[in-house]
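Biologist: I would like to learn how to read a protein model. Could you walk me through it, one feature at a time?

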Amino acid sequence: MHRSIYIETYGCQMNFADTEIVNGILREQGYEIASDVEKADAVFLNTCAIRDNAEQRIYGRLSNLEHLKKRNPHLVFGILGCMAERLRSDLLEKNSAVDIVCGPDEYRRLPALIDDAFAGEKGIRTQLSRVETYDDIVPLRTDGISAWVAVMRGCDKFCTFCVVPFTRGRERSRPRAGVLREVEQLLEGGFREVTLLGQNVNSYRDEEHDFADLLVAVAALDPTLRVRFTTSHPQDMSDRLISAIAEHGNICSYIHLPFQSGSNRILELMNRTYTREHYLELVRKIRAAIPGVALSTDVIAGFPTETEEDHRATLSLMEEVRYDGAFMFKYSPRERTRAWKMGDDVPEEVKGRRLEEIIDLQRRISYDVNAQVIGTRQSILLEGPSKRSEEEWMGRTDTNKTVIVPRGDFAVGDTIDVEITSATSATLFGRLAGARAMEAA
Ligand code: SAH
Ligand code: SF4
Ligand code: F3S
């Protein structure tokens with residue numbers, strides 16, 4: 001009998017992609033991937049450390065997994081990902097149920113760590129690497145339509161609020177050839193969409209090739225493959241990259257472009273390297289070059305020293321840009337970052353109220369933006385059943401909007417033309433438009 005492992009994943013898409021890499025490594029070593037935590041011989045949490053509430057949620061899960069271990073003392077229990085890297089031996093010392101702590105650049109060591117753990121020895125590996133990209137590892141994917149492809153790792157931007165440079169280490173890119181080989185294999189396997197991933201995906205570089213080159217090369221492999229990418233930093237949003245998106249029909253017209261704050265004083269304290277004016281100029285350029293482009297963003301409320309005036313600058317930037325969507329957060333101080341030393345001086349209730357105002361504004365804008373799509377025709381890639389009902393499919397537009405349609409005779413992976421009939425701030429609803437439905441290859 002082969003041993004089986006189970007991984008539960010938290011945090012960003014990079015972590016989800018890493019879980020597929022870890023599953024790839026372990027499967028290669030003969031492990032089975034369990035679909036039920038109760039039946040696994042080894043259980044891992046792939047963790048996120050971005051904000052305190054992310055960590056608290058994982059601590060909660062950790063303590064309710066301890067009972068599994070009480071029932072089955074042979075169970076091996078490990079922590080992967082960003083909390084492993086941030087907290088290191090603390091995790092072993094403070095949580096007796098934990099056998100393995102393994103950071104994001106050490107996943108090749110996991111088979112050995114697991115062997116040791118089954119032999120009764122706890123282990124910890126948290127070295128960060130300047131070169132590890134797992135380029136040669138084939139990720140074990142479960143979805144057959146849409147794939148995440150990590151093209152770079154780490155981050156060198158050092159935004160002063162952010163723990164990622166400490167948990168993920170220095171920026172490094174995979175060789176272009178390895179990325180292209182992986183996407184070719186995905187195409188052979190029937191995948192219809194890839195999302196190129198990196199903390200700062202647009203600072204990708206492989207010798208003379210930048211991210212625009214990579215994106216164009218991936219898009220050229222098959223003009224019916226949808227190509228997405230995330231996350232872009234405004235500083236690396238080059239004119240060449242904007243042209244690449246504009247000129248290739250299968251590179252999706254959707255850019256996630258975090259702005260974080262609308263106040264120049266706060267942007268400077270955050271070390272974001274752009275001003276409000278630069279950012280707005282960039283948005284103007286993008287919209288002029290890519291008609292109909294959708295933009296989403298990340299915002300932080302209550303960064304140290306943030307005043308009402310700074311906060312209003314954030315709201316006014318959101319009104320000016322009118323994002324399709326946004327991820328909105330309360331500032332959470334992280335040890336080792338530069339902002340940690342600035343203190344956390346915006347009172348909790350002020351942060352909460354500012355965040356509410358940001359969320360309310362964005363909900364209104366998202367609704368207005370989505371309402372404008374009603375009556376238009378959109379081409380959507382069907383990804384699976386809707387959350388509500390097996391009788392409906394969930395698909396996505398080129399601009400990354402979720403559309404719910406009646407099931408009809410279609411299958412997952414089909415691209416179909418729909419007419420949008422209604423909208424909420426989060427979802428579009430549609431019906432089949434004409435008979436121009438196209439089967440997936
Ligand atoms: N590399 C990406 C994503 C980083 S994490 C980028 O630069 O956009 C995702 C988001 O979490 C960030 O964009 C930021 O808005 C938020 N975030 C990061 N650190 C945070 C902190 N300490 N408190 C609150 N939000 C934070
Ligand atoms: Fe964090 Fe900034 Fe790097 Fe994004 S760009 S991962 S926010 S340090
Ligand atoms: Fe979280 Fe690490 Fe991603 S801190 S957001 S899982 S890079």
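This is a predicted model: local features need pLDDT of at least 70, side-chain atom pairs count only at pLDDT 80 or more; totals for chains, interfaces and linings use all residues.

Biologist: Which residues of α12 and α13 meet?

Modeller: On the α12 side you will find E308, H311, T314, L315, M318 and E319; they meet V350, R353, R354, E357, I358, L361, Q362 and I365 in α13. Sorted by class, this contact of α12 with α13 has six nonpolar, three polar and five charged residues.

Biologist: Let me try another pair. At what angle do α9 and α11 pack?

Modeller: Helix α9 (residues 239-247) packs against helix α11 (residues 276-289) at about 30 degrees, and the axes are 9 Å apart. So α9 is roughly parallel to α11. The crossing of α9 and α11 is right-handed. From α9, the contact uses D239, I242 and A246, and from α11 it uses L282, K285, I286 and A289. By class, the α9 contact with α11 has five nonpolar, no polar and two charged residues.

Biologist: Now the sheet, please. In what order do the six strands lie?

Modeller: First the general idea: strands of a sheet pair through backbone hydrogen bonds, either parallel or antiparallel. In this model, six strands form an open sheet with parallel pairing, in the order β2-β1-β3-β4-β5-β6. At the edges are β2 (32-33) and β6 (123-125), each pairing on one side only.

Biologist: How many bridges join β5 to β6?

Modeller: Three bridges join β5 (residues 100-102) to β6, and these strands run parallel. Look at V101: its bridge partner in β6 is I124.

Biologist: Which strands does helix α5 touch?

Modeller: Helix α5 (residues 110-118) packs on the sheet and touches β3, β4, β5 and β6. The direction of α5 makes about 170 degrees with that of β5.

Biologist: Last one: which residues are around ligand 2?

Modeller: Among them are C155, K157, F158, H233 and R272. The shell around ligand 2 divides into seven nonpolar, three polar and two charged residues.

How values were computed: Residues are numbered from 1 along each chain as its sequence is written. Chains are lettered from A and ligands numbered from 1 in the order in which they are written. Side-chain values use heavy atoms; hydrogens and water are left out. A residue is near a molecule or strand if one of its heavy atoms lies within 4 Å of it. Ala, Val, Leu, Ile, Met, Phe, Trp, Tyr, Cys and Pro count as nonpolar, Asp, Glu, Lys and Arg as charged, and the others, Gly among them, as polar. Contact means heavy atoms within 4.5 Å. Helices (H or I, at least four residues) and strands (E, at least two) are DSSP runs, numbered from the N terminus. Two strands pair if DSSP finds at least two bridges between them. Axes are lines fitted to C-alpha atoms, for helices over the stretch in contact, and angles run from 0 to 180 degrees between N-to-C directions. Angles under 35 degrees count as roughly parallel, over 145 as roughly antiparallel, 65 to 115 as roughly perpendicular and the rest as oblique. A crossing is left-handed if the near helix is turned anticlockwise from the far one by less than a right angle, and right-handed if clockwise.
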